Amino acid sequence: MAASIVVPSDITILENKMAIGKRRLGLLEKVGLLGMAPVFHLHYSKMDKGDRRAVLSKRYDEEDPSPQADIVRRRQESVRKEVVSTIFMWDTAALMSGLTWWSFRRYNYQSRLVALPFIFYGGT
């Protein structure tokens, strides 16, 4: 069986070419990356935690008017929004589960446990 070679995508090469230094991750970005689920790379078609961290940790020239710089800045902002929204996804799921637990307060714990996973999944 032949070994697979993973080559960087065009956008990854462009990001590395346009980067002028390192960027520190903010608190929400760090916490959002902690909440990301692991990715099973069968075809390497999705970004995992490390790829997102690599995109977020690059600094680009803000005064560069080229279309390439605009592409990498927009991609970085898109990844940042995705990472930060992960925090609120887990908060929503926890809040919905808590409200379900509270609304079933007059029932026994078995009925609470039956409803809880469905509501938690709906919150994510």
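**View 1. Val84 lies in helix α4 of the predicted model.** In this predicted model, Val84 counts as buried, because its relative accessibility is 11% and the buried class takes in residues under 20%. Leaving out residues up to four places away in sequence, Val84 touches Leu28 and Glu29. The C-alpha atoms of Val84 and Arg106 are separated by 36 Å, although the two residues stand 22 places apart along the chain.

View 2. When neighbours within four places in sequence are set aside, Leu28 is in contact with Val84 and Ile87, and both Val84 and Ile87 belong to the buried residues of α4. Leu28 itself is partly exposed, as its relative accessible area is 47%. Between the C-alpha atoms of Leu28 and Asp10, which are 18 residues apart along the chain, the separation is 28 Å.

**View 3. Helix α4 covers residues 67-103 and is viewed along with its packing partners.** The helix has 37 residues and reaches 53 Å from its first C-alpha to its last, which is close to the 54 Å expected at 1.5 Å a residue. Its buried residues are Ala69, Val72, Gln76, Val79, Val83, Val84, Thr86, Ile87, Ala93, Ser97 and Thr100. In an α-helix there are 3.6 residues a turn, so residues three or four places apart point the same way. The buried residues of α4 pack against the helices α1 (10-18), α2 (27-34), α3 (49-56) and α5 (109-123), and also against the strand β2 (58-60).

**View 4. Pro67 is found in helix α4.** Which class of accessibility does Pro67 fall into, buried or exposed? Pro67 counts as exposed, because its relative accessibility is 55% and the exposed class begins over 50%. The C-alpha atoms of Pro67 and Val114 are separated by 53 Å, the two residues being 47 places apart along the chain.

**View 5. Arg24 sits in the loop between β1 (19-22) and α2.** With a relative accessible area of 73%, Arg24 is exposed. Arg24 and His43 are 19 residues apart in sequence, and their C-alpha atoms are 30 Å apart in space.

View 6. Along the principal axes, the C-alpha atoms fill a box of roughly 60 × 45 × 20 Å. Buried residues make up 24% of the 124 residues, and the protein exposes about 9,300 Å², of which carbon and sulfur atoms supply 62%. Of the contacts between residues at least 6 apart in sequence, 66% join residues at least 24 apart. There are 19 positive and 13 negative side chains, and the centres of these two sets lie 10 Å apart.

Terms used
Residues numbered from 1 in each chain as written. Predicted model: local features only at pLDDT ≥ 70, side-chain atom pairs only at ≥ 80, totals over all residues. Heavy atoms only, no water. Buried < 20%, exposed > 50% of the residue type's maximum accessible area, 1.4 Å probe, protein only. Contact = heavy atoms within 4.5 Å. Areas by Shrake-Rupley, 256 points an atom, 1.4 Å probe, with all protein chains shown as cover. Lys, Arg positive; Asp, Glu negative; His and termini not counted. Charge placed at Lys NZ, Arg CZ, Asp CG, Glu CD. Helix = DSSP H or I, 4+ residues; strand = E, 2+ residues; numbered from the N terminus. Expected span 1.5 Å × (residues − 1).
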